[in-house]
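Colleague: I would like to learn how to read a model like this one. Can we go through it feature by feature?

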Amino acid sequence: MSTRVFIDGAVGTTGLEIAERLAGRGEFSLITLEEARRKDDGARAEAINAADVVILCLPDAAARAAVAMIANDTTRVIDASTAHRVAPGWTYGFPEVIGHETVANARFVANPGCYPTGFIALVAPLVRAGLLPADWPYVVHAVSGYSGGGKALIARFEDDTDIAWRGYGLAFGHKHVPEMKAYAGLSVAPLFSPAVVPALRGMVVEVPLSLEALPGVGIGKGEALYDALAASYAGSPIVSVSLGAPAEGEILMRRSTGSWDGLALSVIPSADGTQARLVARLDNLGKGASGAAVQSLNLMAGLPETAGLSL
Ligand SMILES: NC(=O)C1=CN([C@@H]2O[C@H](COP(=O)(O)OP(=O)(O)OC[C@H]3O[C@@H](n4cnc5c(N)ncnc54)[C@H](OP(=O)(O)O)[C@@H]3O)[C@@H](O)[C@H]2O)C=CC1
Ligand SMILES: CC(=O)N[C@@H](CCC(=O)OP(=O)(O)O)C(=O)O
């Protein structure tokens with residue numbers, strides 16, 4: 001029997017991408033609402049309670065309201081919003097970090113944020129292995145494609161094609177910081193500096209490290225960081241790890257890059273071993289949102305984790 005899936009927010013940026021990844025897959029049957037009823041609470045409640053799995057692609061408040069509509073003890077949830085990522089009773093939907101079985105068996109799964117996906121993938125295994133300190137104020141520089149801001153930011157970048165770079169998060173307290181701190185296992189919040197560039201999709205997340213200044217780390221430890229990350233993701237069909245700068249000597253985000261559900265991690269040590277740059281590249285709409293949701297859905301349905309993904 002196929003798994004009945006309802007995507008609440010199915011015509012938004014994330015919802016549409018999830019629907020694309022599920023299209024034509026016989027393991028799932030999609031419950032859909034016509035345009036006139038997609039924001040009708042009665043119709044949504046009916047669809048939510050008829051589904052085996054509901055995928056919430058909504059603003060935070062609407063996601064909380066949708067969970068409150070569940071009137072049974074079987075409907076499972078994957079919430080793409082920020083509403084439940086550090087909430088008790090919810091499982092963080094990052095199988096490579098939290099454990100595949102844990103996600104497969106969870107009822108309430110919070111899909112990770114796009115920037116935290118890069119940061120946590122780089123830092124969590126290294127803190128867990130005792131190679132990086134938990135009580136260090138890590139700095140996170142990151143660049144996202146404008147689809148990361150949903151329909152509103154897409155419209156802004158399409159209307160104002162003169163924007164070359166948009167730094168933001170200047171009031172601090174970005175909504176992704178709590179999950180970064182929690183799932184990287186840190187006792188100090190990272191300092192997060194995000195920016196948007198005029199590309200629809202794509203993301204680079206960088207954590208620069210002074211190995212000589214980091215307590216308990218030291219000069220020449222870049223390769224040990226690489227070894228630990230490579231071991232942590234060994235065999236993953238989704239996460240790759242490389243050592244050193246790309247042969248081209250630069251990292252490019254291209255406007256023409258299409259949908260991709262992988263996550264590429266690099267450890268780039270300096271020649272003298274005193275510094276390293278940890279870099280994650282992903283598609284904010286892929287492993288950063290819709291790809292991750294479909295990966296969790298696959299696991300929850302007992303299917304191979306990469307089914308329907310572009311890798
Ligand atoms: N874009 C991204 O890269 C990522 C987004 N997310 C998260 O996913 C969620 C969705 O984001 P995104 O797809 O970008 O946002 P969009 O603004 O593109 O889409 C949100 C959709 O939700 C609909 N909606 C809003 N309120 C309700 C409601 N009460 N009932 C039913 N539908 C409603 C909107 O309707 P309408 O079309 O009428 O406005 C819209 O279609 C957010 O929580 C976001 O933070 C997570 C990871 C990455
Ligand atoms: C470019 C841009 O605006 N990005 C969004 C985050 C996108 C994302 O990951 O949203 P979730 O937190 O719902 O996962 C932001 O910084 O608020």
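Modeller: Let's start with a ligand. Of the 13 residues around ligand 2, the nearest are G113, C114, S144, G148 and G149. A residue is near a molecule if its C-beta atom, placed from the backbone, lies within 6 Å of it. Two notes before we go on. Residues are numbered from 1 along each chain as its sequence is written, while chains are lettered from A and ligands numbered from 1 in the order in which they are written. The model is predicted: local features need pLDDT of at least 70, side-chain atom pairs count only at pLDDT 80 or more, and totals for chains, interfaces and linings use all residues.

Colleague: How many residues of the shell around ligand 2 are nonpolar, polar and charged?

Modeller: Learn the classes first. Ala, Val, Leu, Ile, Met, Phe, Trp, Tyr, Cys and Pro are nonpolar; Asp, Glu, Lys and Arg are charged; the others, Gly among them, are polar. Here, the shell around ligand 2 has four nonpolar residues, eight polar and one charged.

Colleague: Which residues are closest to ligand 1?

Modeller: G12, T14, S81, G150 and A289, out of 27 surrounding residues. By class, that shell holds nine nonpolar, 13 polar and five charged residues.

Colleague: Which helices supply at least two residues of the shell around ligand 1?

Modeller: First, what the labels mean. Helices (H or I, at least four residues) and strands (E, at least two) are DSSP runs, numbered from the N terminus. In this case the helices are α1 (13-22), α3 (60-68), α7 (150-159) and α10 (286-300). The most comes from α1, which gives three residues.

Colleague: What domains does the protein have?

Modeller: Domain bounds come from an automatic or database domain assignment. Here it gives domain 1 (3-111 + 289-300) and domain 2 (114-285). Their centres, taken over C-alpha atoms, are 26 Å apart. Now return to ligand 1: each of the two domains provides at least three residues of its shell.

Colleague: How many residues of domain 1 are in contact with domain 2?

Modeller: Two residues are in contact if their C-beta atoms, placed from the backbone, lie within 7 Å. By that rule, 14 residues of domain 1 contact 20 residues of domain 2. On the domain 1 side, α1, α4 (95-98) and α10 each supply at least two residues. The biggest share is from α10, with four residues. That side has six nonpolar, five polar and three charged residues.

Colleague: What does UniProt place at residues 4-105?

Modeller: Treat such records with care. UniProt positions are in the numbering used here, feature names are shortened, and annotations may be inferred rather than shown by experiment. The unreviewed UniProt entry places "domain: Semialdehyde dehydrogenase NAD-binding" at residues 4-105. In the model, that span is 38% helix and 19% strand, and its end C-alpha atoms lie 17 Å apart.

Colleague: Which residues of helix α9 are buried?

Modeller: Count neighbours. A residue is buried if 20 or more other C-beta atoms lie within 10 Å of its own, exposed if 12 or fewer, and partly exposed in between, with C-beta atoms placed from the backbone. In α9 (residues 222-232), G222, L225, Y226 and L229 are buried. They fall within an arc of 100° seen down the axis, so they line one face of the helix. The arc is that of the directions from the helix axis to the C-beta atoms. Their cover includes α6 (114-128), β11 (239-243), β12 (263-269) and β13 (275-282).

Colleague: Is A230 buried or partly exposed?

Modeller: A230 also sits in α9. It is partly exposed, because 16 other C-beta atoms lie within 10 Å.

Colleague: Why does V54 count as buried?

Modeller: V54 counts as buried because it has 25 C-beta neighbours inside 10 Å. V54 lies in strand β3 (residues 53-56). Leaving aside neighbours within four places in sequence, V54 contacts F6, D8, I48, T75 and V77.

Colleague: Which residues of helix α2 are buried?

Modeller: In α2 (residues 41-50), they are R44, A47 and I48. They cover an arc of only 100° around the axis, which puts them on the same side of α2. What covers them includes β1 (3-8), β2 (28-31), β3 and α3.
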